[in-house]
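This report covers the fold, the salt bridges and a surface patch. Please look at the sequence and the model first.

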Amino acid sequence: MICFFIICGYLNTVLKSKNVSTKTKEKENNDMAFPVAIQVYSVRGDASNDLRGTLEQIKEMGYDGVEFAGLFGLTAEEAKAELDKRGLECAGFHQGWGSNRDEALEMAKICKAYSLCIPHFNADTTEKWDEFGKTMNEIGKKFADAGIYFGYHNHVHEFRLADDGKMFI
């Protein structure tokens with residue numbers, strides 16, 4: 001499996017302005033070329049109006065792949081076909097915690113995703129976080145069996161202290 005460097009938000013502008021080499025561009029004396037993907041969430045306004053056109057623009061900008069956060073009305077099969085038309089790869093998915101996990105796994109398989117990430121979870125006790133961790137491990141086994149990395153995208157709220165003085169994660 002190839003590891004992607006996934007760009008989100010303003011980082012896109014910073015990296016593009018510094019001529020970061022991607023695998024589809026000339027290396028230009030850069031032995032550290034790697035595939036670069038963009039989170040479609042960072043261009044969700046455009047994608048919600050025209051995902052196909054947005055994917056075309058993403059490819060024209062020189063990206064090698066995308067990380068989806070929803071398919072904007074397309075089926076997984078349609079999304080995969082659109083990626084293939086443009087020579088883009090699916091670096092992964094952000095999928096909500098409450099979503100159907102079997103459907104998420106199937107979607108990731110169809111799109112040949114490198115990974116699937118849970119982008120947010122919140123609980124007010126360490127016990128609930130422990131249960132979340134156990135469930136994540138169970139789900140992660142199914143994804144690992146399919147050759148897809150599974151993980152959690154943390155934020156700052158996980159690093160605060162609970163009432164018992166323990167950190168949530």
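## Basis and fold

Helices (H or I, at least four residues) and strands (E, at least two) are DSSP runs, numbered from the N terminus. The model is predicted, with local features needing pLDDT of at least 70 and side-chain atom pairs counting only at pLDDT 80 or more, while totals for chains, interfaces and linings use all residues. Residues are numbered from 1 along each chain as its sequence is written, and side-chain values use heavy atoms, leaving out hydrogens and water.

The protein has six helices and six strands. Starting at the N terminus, their order is β-α-β-α-α-β-α-β-α-β-α-β.

## Burial and contacts

Of the 169 residues, 39% are buried. Buried stands for under 20% relative accessible area, exposed for over 50%, and partly exposed for values in between (1.4 Å probe, protein chains only). A contact means heavy atoms within 4.5 Å. Among contacts between residues at least 6 apart in sequence, 64% join residues at least 24 apart.

The protein exposes about 9800 Å², of which carbon and sulfur atoms supply 51%. Accessible areas come from the Shrake-Rupley method with a 1.4 Å probe; for residues, only the protein chains shown count as cover.

## Salt bridges

A salt bridge is a side-chain nitrogen of Lys or Arg within 4 Å of a carboxyl oxygen of Asp or Glu. The count by this rule is seven. In one of them, Glu 82 meets Arg 52 at 2.9 Å, N to O. Glu 82 is in helix α4 (residues 76-86) and Arg 52 in helix α3 (residues 51-60), so this pair ties together parts 30 residues apart in sequence. Glu 82 is buried at 4% relative accessibility, and Arg 52 is partly exposed at 37%.

Glu 82 also pairs with Lys 85, with the closest N and O atoms 3.1 Å apart. Both residues lie in helix α4, three residues apart, or about one turn of the helix. Lys 85 is exposed, at 64%.

Another salt bridge joins Lys 128 and Asp 124 (3.2 Å, N to O). Lys 128 is partly exposed at 45%, and Asp 124 is exposed at 51%. Through shared partners, salt bridges link Arg 52, Glu 56, Glu 82, Lys 85 and Arg 86 into one network.

## Nonpolar patch

Phe 159, Leu 161, Met 167 and Ile 169 make a nonpolar surface patch of about 400 Å². Patches are made of residues with over 30% relative accessible area and no salt bridge; like charges are joined within 9 Å, and nonpolar side chains (Val, Leu, Ile, Met, Phe, Trp, Tyr) within 5 Å. Phe 159 lies in the segment after β6 (149-152) and is partly exposed, at 43% relative accessibility.
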